[in-house]
Amino acid sequence: MKITPSHIIRAIIYFLGIVITGLGINTLLRSALGAGAWDTVIYNLRAFITTILNLNVTLGTVSFIIYLLVLAFVMIYNKKLKYLIVFVPIFGISLAIDFWDIVVFGNYFPTALWLRGLFYLIGTFILTMGLALIIVTRYPAMVFDELTLLLMRLFKSNSFFKTRILIEVFAIILATLFGFLSHIGFGAVNFGSLILALIIGPLIELQLKVLTRATKTLFQ
């Protein structure tokens, strides 16, 4: 396949989307007001592994494990190896999460309520922007999109939005379970997690419309 300027631009935007998504995840986690549903699972499961199992793992490592398990389920159900391409964003975002968590933020966590609120708002915008950048390139998206489509077929549902909400709610319940097993209570789960579960879809859709118009000429 011939590499065109359009392919190079898409690759750059795709890489940028992965890096920005990692930043959004870390910003939301540091707000302590609630992160994305599956990000709360990552955070609370890491607490369980480090405190109960006494194993030192990073957030990126835990995210990689979770995403890989979901990918394996999607591949086994669909019986198609083509989904292996989703490994690319899984690996990339896992690295991005650790980069922002370990190298950039380190041990910094805002304490003032107004600053935590600012982190939540900015983190929400950054996270949805990063995901929208990944999607607009039409390169492999996150594995949860494929999981949503799989469950829609499994439960004979025509609603992507309702199915995705159910997946997000399940993740929050799972995260809460890991949190209490780790003796950190709800951990990363907060009221902001429920809000984000409801608004993340519409926000991504809105940003996609803007990005699609902005990149229309670049991708030709």
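This is a predicted model: local features need pLDDT of at least 70, side-chain atom pairs count only at pLDDT 80 or more; totals for chains, interfaces and linings use all residues.
Reader: Where is the kink in helix 4 centred?
Author: On Phe99. The kink there is about 25°.

Reader: Which residues of helix 4 are buried?
Author: Among them are Pro89, Ile90, Gly92, Ile93, Trp100, Asp101 and Phe105. Ser94, Ala96, Ile97 and Asp98 are buried too.

Reader: What covers them?
Author: The cover includes helix 1, helix 2, helix 3 (59–78), helix 5 and helix 6 (143–154).

Reader: Back to Asp101. Which side chain does Asp101 meet in a salt bridge?
Author: That of Arg30, at 2.9 Å from N to O. Asp101 sits in helix 4 (residues 87–105) and Arg30 in helix 1, so the pair ties together parts that are 71 residues apart in sequence.

Reader: Are those two buried or exposed?
Author: Asp101 is buried, and Arg30 is as well.

Reader: How many salt bridges does the count come to?
Author: Two. Besides Asp101 with Arg30, there is a salt bridge between the side chains of Arg164 and Glu168, at 3.4 Å from N to O.

Reader: How are Arg164 and Glu168 placed in helix 7?
Author: They are four residues apart, so about one helical turn separates them. In general, an α-helix has 3.6 residues a turn, so residues three or four places apart point the same way.

Reader: Is Glu168 buried or exposed?
Author: Buried, with a relative accessible area of 7%. Arg164 counts as partly exposed, at 22% relative accessibility.

Reader: What is the relative accessible area of Thr148?
Author: It is 0%, so Thr148 is buried.

Reader: Switching to helix 8. How far does it reach?
Author: Helix 8 (residues 191–215) has 25 residues and reaches 35 Å from its first C-alpha to its last. That is close to the 36 Å expected at 1.5 Å a residue.

Reader: Where does its kink lie?
Author: At Ile199, shortly before the proline Pro202. The kink in helix 8 is about 45°.

Reader: What do the buried residues of helix 8 pack against?
Author: Helix 1 (5–31), helix 2 (37–51), helix 5 (113–136) and helix 7 (160–181). The buried residues of helix 8 include Gly192, Leu196, Ile200, Ile204, Leu208 and Leu211.

Reader: Now Ile126. Which residues is it in contact with?
Author: Ile20, Leu23 and Gly24, leaving aside neighbours within four places in sequence. Ile126 is in helix 5.

Reader: What separates the C-alpha atoms of Ile126 and Gly24?
Author: A distance of 4.9 Å, although the two are 102 residues apart along the chain. Ile126 is buried, with a relative accessible area of 15%.

Reader: Loops next. Where is Asn54 found?
Author: In the loop between helix 2 and helix 3. Most residues other than glycine have a negative phi. Asn54 counts as exposed, at 66% relative accessibility.

Reader: And His183, where does that lie?
Author: In the loop between helix 7 and helix 8. His183 has a positive phi of about 65° although it is not a glycine. His183 is exposed, with a relative accessible area of 68%.

Reader: Zooming out, how many helices and strands are there in the protein chain?
Author: Eight helices and zero strands.

Reader: What radius of gyration does the protein chain have?
Author: 17 Å. A compact globule of 220 residues would be near 17 Å, so the two agree. The C-alpha trace spans about 55 × 40 × 30 Å along its principal axes.

Reader: What share of the 220 residues is buried?
Author: Buried residues make up 49%. The protein chain exposes about 11900 Å², with 74% of it supplied by carbon and sulfur atoms.

Note on methods
Residues are numbered from 1 along each chain as its sequence is written. Side-chain values use heavy atoms; hydrogens and water are left out. Helices (H or I, at least four residues) and strands (E, at least two) are DSSP runs, numbered from the N terminus. The expected span of a helix is 1.5 Å times one less than its number of residues. The bend at a residue is the angle between axes fitted to the seven residues ending there and the seven starting there. Buried means under 20% relative accessible area, exposed over 50%, partly exposed in between (1.4 Å probe, protein chains only). Contact means heavy atoms within 4.5 Å. A salt bridge is a side-chain nitrogen of Lys or Arg within 4 Å of a carboxyl oxygen of Asp or Glu. The radius of gyration is taken over C-alpha atoms; the globule rule is 2.2 Å times the number of residues to the power 0.38. Accessible areas come from the Shrake-Rupley method with a 1.4 Å probe; for residues, only the protein chains shown count as cover.
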